[in-house]
Amino acid sequence: MNIVLSRQIIHDPFVSKVEELSGQNLLACYQCGKCSAGCPSISQMDILPNQVIRYAQIGLKDELLASRSIWICASCMTCDVRCPKGINVAEVLEAIRLILLRQRKDHVEVEELSDAEKSDVPPIALISSMRKFTS
Ligand code: SF4
Ligand code: SF4
C-alpha cells in the first residue's frame, strides 16, 4: 500500500475522534506487536491490530475505514490484556467501526425490503442495520 503522509492527514480530526470514542491514548503505543501476536483473527485481516494503532496515530482515515480488519475483529480483547502499555486495542477498532457506522453509508431501509428479501436477509444483517441508528 502506497501511503503519502502530509501535515493535513496527521492532524486530521479523525485522530482525536478515535481517541475520544475509544478513550485510548494512541501515542502510548510503541509498536511492540504483542497485540497482533496474540490475535486469533489476523489471518483474515488486511491491517494487523498494531498497524491499526499506527495508522490511527498518523491519521490514515481512508485506509482504516476501508479496512476489512475492523469487521473481522471479534472483540475478544486478547489484544487488550496483552498490551504492555495498557492500550485497549479492541476499543480502538470499535471506535473506527462507530465512525463509519455514524456516516450511515450503505444504510439499508428495512421497510423498503420486500417480504422475499427480508426472508433472505440473515438476522445479523438486520441487527447491524438497526445498530446504525443506535450507535
Ligand atoms: S501491544 Fe500495545 S504497545 Fe504493543 S503494538 Fe499493540 S497496542 Fe502498541
Ligand atoms: S479484540 Fe479483535 S484485534 Fe484484539 S485480539 Fe481479539 S480479534 Fe484480535
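Is Glu20 buried or exposed? Select Glu20: at 56% relative accessibility, Glu20 counts as exposed. Here buried means under 20% relative accessible area, exposed over 50% and partly exposed in between, with a 1.4 Å probe and protein chains only.

Before going on, note that this is a predicted model, in which local features need pLDDT of at least 70 and side-chain atom pairs count only at pLDDT 80 or more, while totals for chains, interfaces and linings use all residues. Residues are numbered from 1 along each chain as its sequence is written, chains are lettered from A and ligands numbered from 1 in the order in which they are written, and side-chain values use heavy atoms, without hydrogens and water.

**Stop 1: salt bridges**

The side chains of Glu20 and Lys17 meet in a salt bridge at 3.6 Å, N to O. The term means a side-chain nitrogen of Lys or Arg within 4 Å of a carboxyl oxygen of Asp or Glu. Both residues lie in helix α2, three residues apart. Helices are DSSP runs of H or I with at least four residues, numbered from the N terminus. Lys17 counts as partly exposed, at 31% relative accessibility.

The structure holds two salt bridges. For the other, select Arg97 and Glu94, whose side chains meet at 2.6 Å, N to O. About one turn of helix α8 separates Arg97 and Glu94. Arg97 is buried, at 6% relative accessibility, whereas Glu94 is partly exposed at 24%.

**Stop 2: helix α4**

Select residues 49-57. Seven of these nine residues are buried, so helix α4 is largely enclosed by the rest of the structure. Among the buried ones are Pro49, Val52 and Tyr55. Their cover includes α2 (13-22), α3 (34-38), α5 (61-65) and α8. After α4 comes Gly59, with a positive phi near 75°.

**Stop 3: the largest nonpolar core**

Select Phe14, Val18, Val52, Leu64, Val89, Val92 and Ile96, which touch the most other members of this 31-residue core. Helix α8 gives the most to the core, with eight residues. A nonpolar core is a set of buried Ala, Val, Leu, Ile, Met, Phe, Trp, Tyr and Cys residues joined through side-chain atoms within 4.5 Å.

Stay on Val89. Neighbours within four places in sequence aside, Val89 is in contact (heavy atoms within 4.5 Å) with Cys35, Pro49, Ile53, Cys79 and Asp80.

**Stop 4: ligand 2**

Select ligand 2. Fourteen residues surround ligand 2, the closest being Cys39, Cys73, Cys76, Met77 and Cys79; a shell residue has a heavy atom within 4 Å of the ligand. Helices α7 (78-82) and α8 (89-103) each supply at least two residues of the shell.
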